[in-house]
Amino acid sequence: MEKKNIFKGVVFVGIGASIYGMLATFVKLSYKDGFTTSEVTTAQFVMGFLGLLILNFIQTITSKKTLASPSSKDFKMLMLAGTSLGCTSLFYYISVQYINVSIAIVLLMQSVWFSVVVESFLTKKFPNLKKIVATLIVLVGTVLATNLINLNINIDWHGMFWGLLAAASFTMTMFTSNTLATNLPVLRKSIIMLSGGSVIVLLFMFFAQIGPLYFPELKSFYLNFTENTQYIRAFDYSIFWTYGFILALFGTIIPPILFNLGFPNTGLGLGSIISSLELPVSVTMAFVLLGEQVLLIQWFGIILILSAVVLMNLPSKNEFKEAEIS
């Protein structure tokens, strides 16, 4: 592989991670303007779908070769895998309702060690010492980055719960996107997965906002889970031209395309290290635009988590030798 290709891959993945890291700040700003989670996620996925549809059309008519089409099995599996994509956004955005963006992104990064557990379960092999140490570093870093060590701090457990659910869902998204229908063009694969995610988002909108407004039975069912009825209202379509475009661009269009362009050049290990840039970018954006307080101890925790990502993806001695031979 040429050096310039590695550099190009690093740039693509780095920009994609940085853009994705900005997303939660805009979600928080939309909440401050009175929009609901249903409206935010619906706008992001609908406009993201339209954007990818246009890009797919352009790619189809300009491509000099026939592009691979998904089989019926590929289509079903990608749609199913896409539901985890929708759940990730949904759970992440719900967590941001209860806790700071700087803490929510730290919880999302728990996917680093969640993936170790899933990999161990799938391969039926106990993780090696390097991964165990990296996992312990992530856990220590999380305690510091969320400032849990401060007994006076009161973090809403709802936000913690939804943040960890987002991490679990994101772990599934990573595994499925890297293993399913790898022969398909990036844009075609992305739009099918986004369709699966859109189903989840639209169902949530119906059960959490629109449905309870028109169906008393559904409202009674909804009130079993929460007493908050302020979001049971008609859909506010102004979300599409206020935040929808930037949410779609930063969440469902640019980052996936850049990741798919960058990862083949960087490799999974280096790509994972570079993609962890979204953590400091997200925290910095929350600090600058939202005025969230980020203490020195929290920055130290963030550095620990980033170092764990690097450690987990460092090649072993055997891999170094294989690379030298090749």
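Contact here means heavy atoms within 4.5 Å. The model is predicted, so local features need pLDDT of at least 70, and side-chain atom pairs count only at pLDDT 80 or more, while totals for chains, interfaces and linings use all residues. Residues are numbered from 1 along each chain as its sequence is written, and side-chain values use heavy atoms, with hydrogens and water left out.

**Exercise 1.** Find Gly 244 and work out which residues it touches.

*Solution.* Start with helix H10 (residues 239-275), where Gly 244 sits; helices are DSSP runs of H or I, at least four residues, numbered from the N terminus. Next, leave out residues up to four places away in sequence: Gly 244 then touches Ala 43, Met 47 and Ile 239. Finally, look at Phe 45, 199 residues away along the chain: its C-alpha atom and that of Gly 244 are 8.7 Å apart.

**Exercise 2.** Decide whether Thr 36 is buried or exposed.

*Solution.* Begin in the loop between helix H1 (3-32) and helix H2 (37-62), where Thr 36 is found. Buried means under 20% relative accessible area, exposed over 50%, partly exposed in between (1.4 Å probe, protein chains only). Thr 36 has 1% relative accessibility, so Thr 36 counts as buried. Its contacts, apart from neighbours within four places in sequence, are Tyr 31, Gln 209, Tyr 231 and Arg 233.

**Exercise 3.** Where in the protein chain is confidence lowest, and where is it highest?

*Solution.* Take pLDDT, the predictor's confidence in each residue, from 0 to 100. For the protein chain the mean is 83, and 90% of residues reach 70 or more. Confidence is lowest in helix H13 (residues 317-325), with a mean of 49, and highest in H2, at 92.

How values were computed
Helices (H or I, at least four residues) and strands (E, at least two) are DSSP runs, numbered from the N terminus.
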